[in-house]
Amino acid sequence: MPRVDPAVLAASFLPILLLELPDKTFVATLVLATRFRPLTAWIGVGLAFAVQCLIAVVAGRLLAQLPDRPVAAVAALLFAVGAFTLFRGAAKAQQAEEEARVEYEGKVRGGTSGWRAVLACFGVIFLAEWGDLSQLFTAGLAARYDDPVSVFAGSWAALLVVSGLAAAVGGTIVRKLSVAAVSRVGGVVCAVLAVLTALEVAGLDLPV
């Protein structure tokens, strides 16, 4: 049975968590939890994220078959894009959150229960989050670290935590959380990963 490396798991978990807390993923789950039972919404959302993380990890491992330096350069670019996106969006984070809420409230329809509700939540998230920054980021992590199981576990766990918080206490968090601050912290983490990976491209042997 494949073992999970705690260091790689943490390196995957923290950036994805910070990427998704201010992202529309949180808002989408919050809206779904008001249309369906929170647990039902969380299960559907979690299953969608499992599939997306699996696809991202497979794509990252395929990318890793290329020579080491080009792979590291692509990973560094993905991390840099993540940092830029978060820093740029921090100033308008609250406005973007409100726009995302309106968007999802128009898309989501309640009235179903059981597995139909789970599938409805699965479909909304799977289609809306396809090609999302966190999915690209997960692919970059899978390319950087030779440990797809730990990357998958860390990324999926982060998405489950974000969606679980949204489903359980999303309204309270929205009122008290500074979305802009979370975006900036996430930007710093992404920037650090980009710099570390760029140093690897330059030929430096880093312990991380």
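Which helix is Phe137 found in? Phe137 sits in helix 7 (residues 133-144), where helices are DSSP runs of H or I with at least four residues, numbered from the N terminus. This is a predicted model, so local features need pLDDT of at least 70 and side-chain atom pairs count only at pLDDT 80 or more, while totals for chains, interfaces and linings use all residues. Residues are numbered from 1 along each chain as its sequence is written, and side-chain values use heavy atoms, with hydrogens and water left out.

Phe137 and Ser155 are 18 residues apart in sequence, and their C-alpha atoms lie 9.2 Å apart. Contact means heavy atoms within 4.5 Å. Not counting residues up to four places away in sequence, Ser155 touches Ser12, Ile16, Cys53, Thr138 and Leu141. With its neighbours within four places set aside, Phe137 is in contact with Pro15, Ile16, Leu19, Leu78, Phe79, Cys190 and Leu193.

Now for a helix pair. The axes (lines fitted to C-alpha atoms over the stretch in contact) of helix 2 (residues 24-35) and helix 3 (residues 38-63) come within 8 Å and cross at roughly 140°, with angles running from 0 to 180 degrees between N-to-C directions. Helix 2 brings Thr25, Thr29, Leu32 and Ala33 to the contact, and helix 3 brings Pro38, Ala41, Val45 and Phe49.

Definitions and conventions
Helices (H or I, at least four residues) and strands (E, at least two) are DSSP runs, numbered from the N terminus.
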